[in-house]
Amino acid sequence: MIGRRGKALIIVYVAFLAVLLLMCSTDLIIREPEREVYQVAVIIEDMRSDNYSNFRKGMDQAAMEFNVDVHFITLYEKLDAAQQMELMEREEQDGADALVVVPADEGQVAGKQMTIPVILLRSGLTQGAVTGNIIIDYEKMGGQLAKEMLKDIPEDASIFLLVDREKQSRADILFLKGAGTVFTGKGRSIEMIAKNGDDGGKVPLESLSKRTEKKAVVLAQNQEILTEAAGVLANSPEAAESVLGLYGRGNTMPILNDLERDYITGICVTDDFSIGYLSVREAVRVLEGAGSPPVVMDSYYIEKEDLQEPGFEKLLYPIE
């Protein structure tokens with residue numbers, strides 16, 4: 001039999017275990033280190049789901065991994081640089097720890113003096129007041145696409161650059177410059193056709209048959225014009241008859257669908273999921289005292305048959 005002293009020791013031991021368990025469960029002994037939640041504001045041109053879906057997925061993934069609260073601010077008017085400057089100042093005053101910016105005017109953003117880190121997306125800038133860059137070399141992309149086009153189009157085909165001179169971003173200009181350099185370097189003449197002016201703001205593909213007796217190959221300035229041009233080809237037998245191939249850049253769902261349906265011949269794309277992920281990661285690295293050298297993203301040329309390739313499927317349709 002257990003004596004009184006033994007019983008007392010058991011009671012004391014059980015009580016000690018109970019107190020120890022209580023203290024551990026309330027973090028009095030083992031306290032989990034609290035991770036700081038960083039506030040990162042993202043200022044972009046617009047937030048239409050077909051433009052920023054994969055980009056947003058990448059940001060959300062990084063936000064979970066790095067304990068970041070990300071909130072998005074969009075411009076009322078696309079390429080409104082003055083409004084973007086105001087929004088940057090407002091977010092700084094409202095307590096954002098860092099900014100991620102798709103610049104409407106890269107020169108103004110580069111010269112903007114801020115007290116918090118600024119990570120630029122899709123910019124070729126490497127100097128100025130910004131802290132970090134996620135770079136897409138649009139000029140190189142344009143050249144890459146032109147080289148792929150020249151592999152397929154006939155020697156006697158007419159090459160047209162489809163542009164909107166009233167709404168050209170720096171990316172648009174560099175993209176067309178890169179393509180034009182390759183075409184002229186190979187002795188191919190190019191002609192620009194504008195979607196504004198006499199055509200009432202529409203993509204004037206129906207008029208190509210009047211401009212040339214040859215088959216026309218069209219390179220669109222950006223994804224908005226590419227989507228519109230594909231729509232014209234889908235609905236206008238006259239335009240479809242005169243256009244041998246339509247090319248451009250972008251990986252929105254309408255563009256991918258038009259590529260699948262053969263209204264678009266080939267596109268250059270970037271890994272938007274990784275761009276979103278890296279922008280948040282680089283912001284956190286700067287906030288924690290690490291350097292943030294420019295990150296240069298690759299671009300990829302794809303055609304219809306590439307859509308089923310596992311590598312491109314993961315790039316174009318990342319899992320939530």
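I counted the salt bridges first: the structure holds ten. I am working from a predicted model.

**Within α2.** I looked up D60 and found a salt bridge with R56, with the closest N and O atoms 3.4 Å apart. Both residues sit in helix α2 (residues 49-66), four residues apart, or about one turn of the helix. D60 is partly exposed at 35% relative accessibility. R56 is partly exposed too, at 30%.

**α3 to a loop.** Next I checked E89 and K112. Their side chains meet in a salt bridge at 2.3 Å, N to O. E89 belongs to helix α3 (residues 81-93) and K112 to the loop between α4 and β4, so the pair ties together parts 23 residues apart in sequence. I noted E89 as partly exposed at 34%. K112 counts as buried because its relative accessibility is 15%, under the 20% cut-off.

**Loop to loop.** I then turned to D262 and K304, which form a salt bridge at 3.3 Å, N to O. D262 lies in the loop between α10 and β10, and K304 in the loop between β12 and α12, so this pair ties together parts 42 residues apart in sequence. D262 is exposed at 52%. K304 is partly exposed at 31%.

**A network.** I also found R281, E282 and R285 linked in a network of salt bridges.

**Helix α8.** Last, I looked at α8, which covers residues 223-235. Its 13 residues reach 18 Å from first C-alpha to last, close to the 18 Å expected. At its start, a side-chain oxygen of N222 comes within 3.3 Å of the backbone nitrogen of E224. I listed buried residues of α8, among them I225, L226, V232 and L233.

Notes
Residues numbered from 1 in each chain as written. Predicted model: local features only at pLDDT ≥ 70, side-chain atom pairs only at ≥ 80, totals over all residues. Heavy atoms only, no water. Helix = DSSP H or I, 4+ residues; strand = E, 2+ residues; numbered from the N terminus. Expected span 1.5 Å × (residues − 1). Buried < 20%, exposed > 50% of the residue type's maximum accessible area, 1.4 Å probe, protein only. Polar contact = N/O pair within 3.5 Å; in protein donor to acceptor, adjacent residues only side chain to side chain. Salt bridge = Lys/Arg side-chain N within 4 Å of Asp/Glu carboxyl O.
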